[in-house]
Structures are given as structure tokens and as C-alpha cells.
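Please open the model in your viewer and keep the sequence panel beside it. The tour below moves from one selection to the next and says what is to be found at each stop.

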Amino acid sequence: MSLKNRFKKFLPRTIFGRSLLILIMPVLLLQAITAYIFFDRHWEKMTSRLAFAVAGEISIMAEVLEGTDGEKQIGGLSRYAAQHLDLLISYAPGERIDTQNLAGSDIDWRRLMMVDALSAELETKVRRPFTLMIDSEEKWVDVRVQLEEGVLTVSLPQRRLFSSSSYIVILWMIGSSVILLAIAILFMRNQIRPIRRLAVVAERFGRGLDIPSSFKPEGAREVRQAAQAFLDMHERVKRQITQRAAMLAGVSHDLRTPLTRMRLQLAMLPEGPDVEALKHDVADMERMINAYLDFAKGEGGEQPVRTDLRQILDRVVAGMKRQGVDVHLEMDQDLSLLLRPLAFERCLTNIVTNARKYAPHIWVSAHHIDDGQLVEVRVDDDGPGIPEDQREEVFKPFVRVDQSRNASTGGVGLGLPIAREVVHAHGGKIWLEHSPHGGVRAVIHLPG
Ligand code: ADP
């Protein structure tokens, strides 16, 4: 599979999904860039600045305590620190610290950044051994600094090291994208509804079903144009079908009357080889006219109903068997479909009759394929077959394969065109293949 196809597999299939993707991608990209700039520049700088200030204060206090008698100074200093600097300090003379840095357990990345920044600043400013304790529950950070005579402990609230406005930026970023997407989804749904409706109606038309009268062009201008064009096309196709039927019916009817007259006159003539031949010709002409009429009638306005295809197949095959034809039938249990039963029976009859004309044995099968999305009907025979380059040609009206132009198979070349028209009107496909039995295989796919 090429890269392009593999990429396509992950693309959403619906227009809704695709437009959402088009919208989400730039938003996500923008947010990612913003987040990167924000964290890289702003957040880090803020954290180190705050740490810088705190470390400076601790270093001053350490200097003050170191320079004088620590125990005397601590009272005033701690009051001052608590009041003005938001720091709680204490002094333990004679103690020593364990210089291992105890960062505290399970702290998140945010606090880790804070601790890193503070210890970096403390290292450059205080220049004495120190420990850092951070408590994720209590929201306090304890810094213990080793002075010459004892240990200075400074407890500071984490808010002194952490700018809470950063949260607001993240919240705003997420919130704005969610609002944007919600509005987009809401509006896009309304834009896509008319397209979906048009698709459904077009599919119905393809299956030969009526278009609901409630269908009207709506939505954006292009969608409305497409819907209007579709409605115009629908009207034109309907008009053409009616005109074709009316014309052919008219011609056939007009021809039938003189033919009937001829047949009557022939019946009154004395028997003889010439009269016999004429009778034959008249019968041929009548048969042809009937075939034209059938073709002209088309689907004849028959409405599709849920039908069991098995019954139709049974009927067609039983008809053949009565005529002494060897037909094998094989089908799935449930073959209920939306069909025009009479038209479809005619289609099947045409195909099976063709097979009977040219072959001694016929195999008919009907199965669900593609996970039940399609029903496949196959008619195989072991006759002479049709050359590959003619298998499409024979679906054109009045086309017959040369060798079959003899009286015994005498058709007019309308059987397959009628069959194809019926199948198309059901939204299906029909084509001919080479059969493993040696002759022709006709395949019909119908939407299941
Ligand atoms: P026709 O009225 O002549 O049967 P069709 O449209 O049904 O017209 O078929 C067109 C031509 O296709 C036939 O004249 C015949 O030459 C060929 N054909 C159709 N079915 C078969 C088949 N099962 N085996 C051999 N040839 C066939």
C-alpha cells in the first residue's frame, strides 16, 4: 500500500469529520506553538526570577545571622521575615545538617522545576551547604542552611516560588479551543445536513425509488445549486422515459393492427408452402413487436417492495424445469430484498432463457457477499460462451453475437438490455464473465 493510501486510511470518511479535522489541526498546531513559547520562555523565566528573589532573601538572612550572635538576632529577624517576606525562620544553634538534598517524594514536574530553580539560585547566592524539602501536601518548602554556629531553617509558602497566573493561561487555551470546537460542530452540522439529504435522495433515485416530495434545495448556495441540478435531471430522465415508452407503445400498437389483419387474411388463404412461410414471418414480427413493447414499458411504474428473492428464483427455475431444462439452484437462507418483483423476475427469466437457448445445463446461485452488503446472483451455463470483447456489447439494444443469428435462437437482441435496465433501476450491477462450467456466467450484484 502506498504512503498516500495509508494516510488516506486514517482520514475521516465523512465531510463532517474532514471539516472538523481541517479546523482542529490548525487550532492544535497554534496551541502547541503557544504552549511551547509560553513554557519555554515565560514559565521558566518567571520561576527562576521568583527563585532568585527568595534565594536573595535567604542569603541576606544567613549573612545577618552569621555576622552576629545568631541567637540574639533571630527573634527580631523572624518577626520581620514573617511580616514582610512571608517567610518563617528559625535558628538551631549547634546543629548540623545532612547535606543530602531531600526533594521530597512524588512531586510533580511543576514543583520539580521550582526546586531546580531554587537550588540553582541558592547555590550561587548562599554558598553554604543547604537542604531543600518540599511537601506536595502542605504547600510549603523548607530550606535549611548550614551556618558556622548552627542551622537556619526557612519555611516559605510555595506560592512565593510559583506564579498562579500561568494556570489561567493554560485554562484559557483549553477553554477557548473547546468553545471554538463546540461552535464549529454546531454550525457545521447544519451546513452538512442538506448535503447528506441530497446524497440520500440521489441514492434513492439510483435505486429507482421515488424522491420524497418534501425534498427541497436548501443550505449553502453550492449545495442548493447541486440539489436543483439533481431535481432538473430527475425530471428530464422521467420525461424521457415516459416519452420513449409512449412512442414505442404507439408504434407497436400501430403495427399490430395491420399485422392482425394480415394474420386473419393468411388464415383464410388455402394452405401451401408460401402461405406457411408468410405465417411464420408474421408470427416473427408479432414476437418482435411484443419484445419492443416490453422494452418500452421499462419498469412500468412498479413500486419496490420487500420481497424474498428465493421465491422469484424458485419460480423462474421451476418454469425452466417444466420445459425439461436441467437447472441447479443453490441459495442462502434469507434473501429478503427491496425489489420490483415482476421486473426482476423478467430480468432473471431473460438471462436464464438465454442460457437455455445455448446450453444443456444451467447453474443458478444467490448468496450474500461483502458482510451482507450485497446479494450476488450468478447464472452459469456450459454453452459456447461469448467472446470476451463482445461481453459488454451484447448489453446494447439489438446487438446479437453473429453465430447466434439463426432461427433456432431467434431473439431480437433486447433480452440483456432489459435485464441491465432492471438491475440498474434496483441500484445494482450486471455483467458477463467466463463460467468455470465452460459457457457464460452472468453476475448480478444487488444492494442487500
Ligand atoms: P436475444 O434476444 O438475442 O437473446 P439478448 O440481449 O438476450 O438478445 O442477447 C444478446 C446476444 O448475446 C444473443 O443474441 C447471444 O448471441 C448472446 N448471448 C446471450 N446469452 C448467451 C449465453 N448464455 N450463451 C451464449 N451467447 C449468449
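Which strands does helix 2 lie across, and at about what angle does it run to strand 4? In this predicted model, select residues 15-67, which make up helix 2, and you will find that this helix lies across strand 1, strand 3 and strand 4, running at about 150° to strand 4.

Next, select helix 4, residues 109-125, which packs on the sheet by touching strand 2 and strand 3, its direction making about 160° with that of strand 2.

Now display the sheet itself, an open one in which four antiparallel strands follow the order 1-4-3-2. Its edges are strand 1 (88-93) and strand 2 (130-135), each of which pairs on one side only, and neighbouring strands are turned by 15° against each other on average, direction ignored. Within the sheet, colour strand 3 (residues 140-146) and strand 4 (residues 150-157), which pair in the antiparallel sense over seven bridges; at Asp 142, the bridge partner in strand 4 is Ser 155.

Zoom out to see the division into domain 1 (3-163), domain 2 (248-287) and domain 3 (302-447), where the C-alpha centres of domain 2 and domain 3 lie 31 Å apart.

Finally, select helix 9 (residues 341-358) together with helix 10 (residues 415-425), whose axes come within 9 Å and cross at roughly 145°, the crossing being left-handed. Among the residues making this contact are Phe 344, Arg 346 and Asn 350 of helix 9, and Leu 416, Ile 418 and Val 422 of helix 10. By class, the contact has nine nonpolar, three polar and one charged residues.

Definitions and conventions
Residues are numbered from 1 along each chain as its sequence is written. This is a predicted model: local features need pLDDT of at least 70, side-chain atom pairs count only at pLDDT 80 or more; totals for chains, interfaces and linings use all residues. Side-chain values use heavy atoms; hydrogens and water are left out. Axes are lines fitted to C-alpha atoms, for helices over the stretch in contact, and angles run from 0 to 180 degrees between N-to-C directions. Helices (H or I, at least four residues) and strands (E, at least two) are DSSP runs, numbered from the N terminus. A crossing is left-handed if the near helix is turned anticlockwise from the far one by less than a right angle, and right-handed if clockwise. Contact means heavy atoms within 4.5 Å. Ala, Val, Leu, Ile, Met, Phe, Trp, Tyr, Cys and Pro count as nonpolar, Asp, Glu, Lys and Arg as charged, and the others, Gly among them, as polar. Domain bounds come from an automatic or database domain assignment. Two strands pair if DSSP finds at least two bridges between them.
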